[in-house]
Amino acid sequence: MNPYKILKPIGQGGFKSVYLIKNQGKQEALKVISLSDRRILDPVEQEQLANELRARSVREFQLLERFGGGCVVSLGSISGHEEDFEGHPSYVYSEELLPGNPLDVVIRNANSAQPNFAETKKLFLSGVDVIERLWKEKIVHRDIKPQNIMATDLPDRPFVFFDLGIAFDVEGSSLTHATFGPGTLRYRAPETLDRDYRATIDFRSDLFSLAATVFEFATGRHPIHHGSMSEGETVYRLLKKTADALAPLRPDFPPNFCDLVDRCLRKRPALRPTRLQELKQSLEA
Amino acid sequence: MQILAQHGYGEGEKVSRGLEHGLLDGVVIGPKNIRLSALKGKIDGWEKNSPQARILFDPQYYATVVAQEEGARLGYLVSDYSDYFSPKTYKDLRRERNIRDELNKALSFQLENLKLSEAIVPGIMIQDGLHSESSSIAKNFLEIGAEEAKESGNDAFLTLALGQSCFREMSALVDFVDEVTGFDLPVKGIYLLVETSRHLGANPWYIPEILKGRMYLNYAFAQAGFEVINGFSMFSSPFLSAVGATGISCGWFDTLRYFSLDPFRASVGGGHRPNRRYLSKALWSRLDLATIAPDLGRNHWIMNEYSGDSRFESGEADECDEALQHWHALQVMSESILNQQGVSARLQFLWDSLNQAEIHRSHLPALSLPKFKDQIDGCRTALRGFCELAELPLSL
């Protein structure tokens, strides 16, 4: 018998489901990662998948133990463990319930007014803060995108980043199978499309994803992927086409800020900012 | 942008006069041909007479790997600078602890013996392409060197020395820059050396792949927040200043204008002293004025309005005059480029200046040589290629 009470499902994606629960009188978000896939019939393959998903789930839980708080979502009262959830072997833990909406919902909401400069700057700074904290321990988030950011009502935590499921320890071993496309294509830095990208990935890949997110928040459109482009077109544009510039779309923003967003969207990591402290100072100036 | 003298010999007054006349912002000392005691005296003199001058010391450590070759020409490096300089093989430099020891010795030598503005952390030259053993060792020197410099508490530049083989495959160079700018390098800047041996041709500065790569290195490191000082840069200097170089350095002798390990190897031929030449801003080239002496009166625009022009017109100019004139020319060329706002405007200005130089040349039959056209075309190719590498939306 679970000690918590499930109130309703609030999210679903891939192997992960999220439920609103009540535990010890407090509402939280329960993360349930299924460790099996009914479509896979081969038991060896099923076992390999379960091992990979288990390792990723444990790592995400451990990362949240280390990095939770501030601009990163905090763990809730239910510690990471395996249980049989609705008949499926699963890895389960809870996170704090954040008041607000996922950023992709905010962006898609036709009734939302365009964000002002102060809000956009806060998003950029929150993201840089997360990237910096992770990189101090040589961790790359790899999946920064509007769907993984909560726009909250909390004045000291206006944007909270979550889903460290595919975060990558540069100095550790890989937990994602090569066929798993890490991150959502349109937010992925060009260098991560290279087959051997793991050898050289660093925080600058996250800066690219963050800048694409900031751009989309500020303008309502993605800097590279437009309309109903095919995956192939998106890949081509990621690799070959200069991203749209922010200044023409938000002439009300300071040029230096627009320039920093544009720089983070450069194809080559070397051309993106490489000193996070200086980037933060430039943003705060 | 700063103009620095690449200093080689103890004798002569070029550097002192350059500093006094405001043509130089400082000097990069190469110890091979100057005794340590004489060098200390030189530094004292420069410091006393030009207290603002930036004084740097290139340890020439890259020569350690050719020092065991028969007939190696090491000057005073082995006798006076043995605190840090001794023959090495790549095998000696594979282990991190050995590299750390070597770096400590070179840094301690500079900090304890010489009054310098900043230290230069030594490195070895990447000689066999960017996937070679020398490349791995050079990258270790960068990372460990930055740690040691930080530990010493002194501002420092890291030596990055690239052989011409590093420019054969531009995608490898770009990957290399991605990798190196991702290192945690808490230092002031990079002392960048690019092999430009005369064996590559009469004017190795104009080889498009090398010029383009050199520009990209400067641009990327500057974007990453580093100061970049380009040793032995001579005629590539205006191009490098346009894309973010902090300083360029060159001297009068061939060995101070071209970077190569050849001067440390056994001599393969007689020495070569450069002809006396005048660096013309309008023509973008070094001219033997004797070639156009009869026409010089009618074509005075060739001259840069340098205070010492009359000595060249009268044929009295000596090698010191020539060195000073070249530094002045590089100064005015760089100033006119840096007067433009932003990298794109500066590159456009360079492009227009090259076009103008070509037109000027066509009016001087004595100078209308096919090789000049090749040089200008080489520069154009490099500029276009650089814009593409640097993701600059500029159509040249």
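Reader: What should I know before starting?
Author: This is a predicted model, where local features need pLDDT of at least 70 and side-chain atom pairs count only at pLDDT 80 or more, while totals for chains, interfaces and linings use all residues. Residues are numbered from 1 along each chain as its sequence is written, chains are lettered from A and ligands numbered from 1 in the order in which they are written, and side-chain values use heavy atoms, with hydrogens and water left out.

Reader: How many helices and strands does chain A have?
Author: Chain A comes to seven helices and ten strands. Helices (H or I, at least four residues) and strands (E, at least two) are DSSP runs, numbered from the N terminus.

Reader: What makes the radius of gyration of chain A agree with a compact globule?
Author: The radius is taken over C-alpha atoms, and the globule rule is 2.2 Å times the number of residues to the power 0.38. For 285 residues a compact globule would come out near 19 Å, and chain A has 19 Å, so the two agree. Its C-alpha atoms fill a box of roughly 55 × 45 × 35 Å along the principal axes.

Reader: Which strands pair in the five-strand sheet of chain A, and in what order?
Author: The order is β1-β2-β3-β5-β4, in an open sheet with antiparallel pairing. Two strands pair if DSSP finds at least two bridges between them. β4(A) and β5(A) (residues 88-96) have five bridges, so they pass that cut-off of at least two. One bridge puts A:Glu82 with its partner A:Tyr91 in β5(A).

Reader: Why are β1 and β4 of chain A called edge strands?
Author: β1 (5-13) and β4 (81-85) each pair on one side only. Neighbouring strands in this sheet are turned by 35° against each other on average, ignoring direction.

Reader: How do you know that helix α1 of chain A packs on the sheet?
Author: Helix α1(A) (residues 43-67) touches β2 (16-23), β3 (26-34), β4 and β5 of chain A. Contact means heavy atoms within 4.5 Å. The direction of α1(A) makes about 15° with that of β5(A).

Reader: What about the three-strand sheet in chain A, and which strands stand at its edges?
Author: This open, antiparallel sheet runs β6-β8-β9. β6 (100-102) and β9 (159-161) of chain A have a single partner strand each, so one side of each is left without a neighbour in the sheet. The twist averages 25° from one strand to the next. Three bridges join β8(A) (residues 149-152) to β9(A), and A:Met150 stands opposite A:Val160 in β9(A). Helix α3(A) (residues 117-135) lies across β8 and β9 of chain A, at about 30° to β9(A).

Reader: Why are α4(A) and α6(A) called oblique?
Author: Helix α4(A) (residues 203-219) and helix α6(A) (residues 255-264) cross at roughly 130°, and their axes come within 8 Å. Axes are lines fitted to C-alpha atoms, for helices over the stretch in contact, and angles run from 0 to 180 degrees between N-to-C directions. Angles under 35 degrees count as roughly parallel, over 145 as roughly antiparallel, 65 to 115 as roughly perpendicular and the rest as oblique. The pair α4(A) and α6(A) is therefore oblique.

Reader: What makes up the contact of α4(A) with α6(A) by class?
Author: A:Leu207, A:Phe208, A:Ala211, A:Val214 and A:Phe215 in α4(A) meet A:Phe257, A:Val261 and A:Cys264 in α6(A). That gives eight nonpolar, no polar and no charged residues. Here Ala, Val, Leu, Ile, Met, Phe, Trp, Tyr, Cys and Pro count as nonpolar, Asp, Glu, Lys and Arg as charged, and the others, Gly among them, as polar.

Reader: Over to chain B: why are α6(B) and α7(B) called roughly parallel?
Author: Helix α6(B) (residues 170-181) and helix α7(B) (residues 208-223) pack at about 15°, with axes 11 Å apart. They are therefore roughly parallel to each other.

Reader: And α10(B) with α11(B), what makes that pair oblique?
Author: Helix α10(B) (residues 319-338) and helix α11(B) (residues 343-362) pack at about 130°, with axes 8 Å apart. That pair is therefore oblique. B:Ser336, B:Ile337 and B:Leu338 in α10(B) meet B:Arg346, B:Phe349 and B:Leu350 in α11(B).
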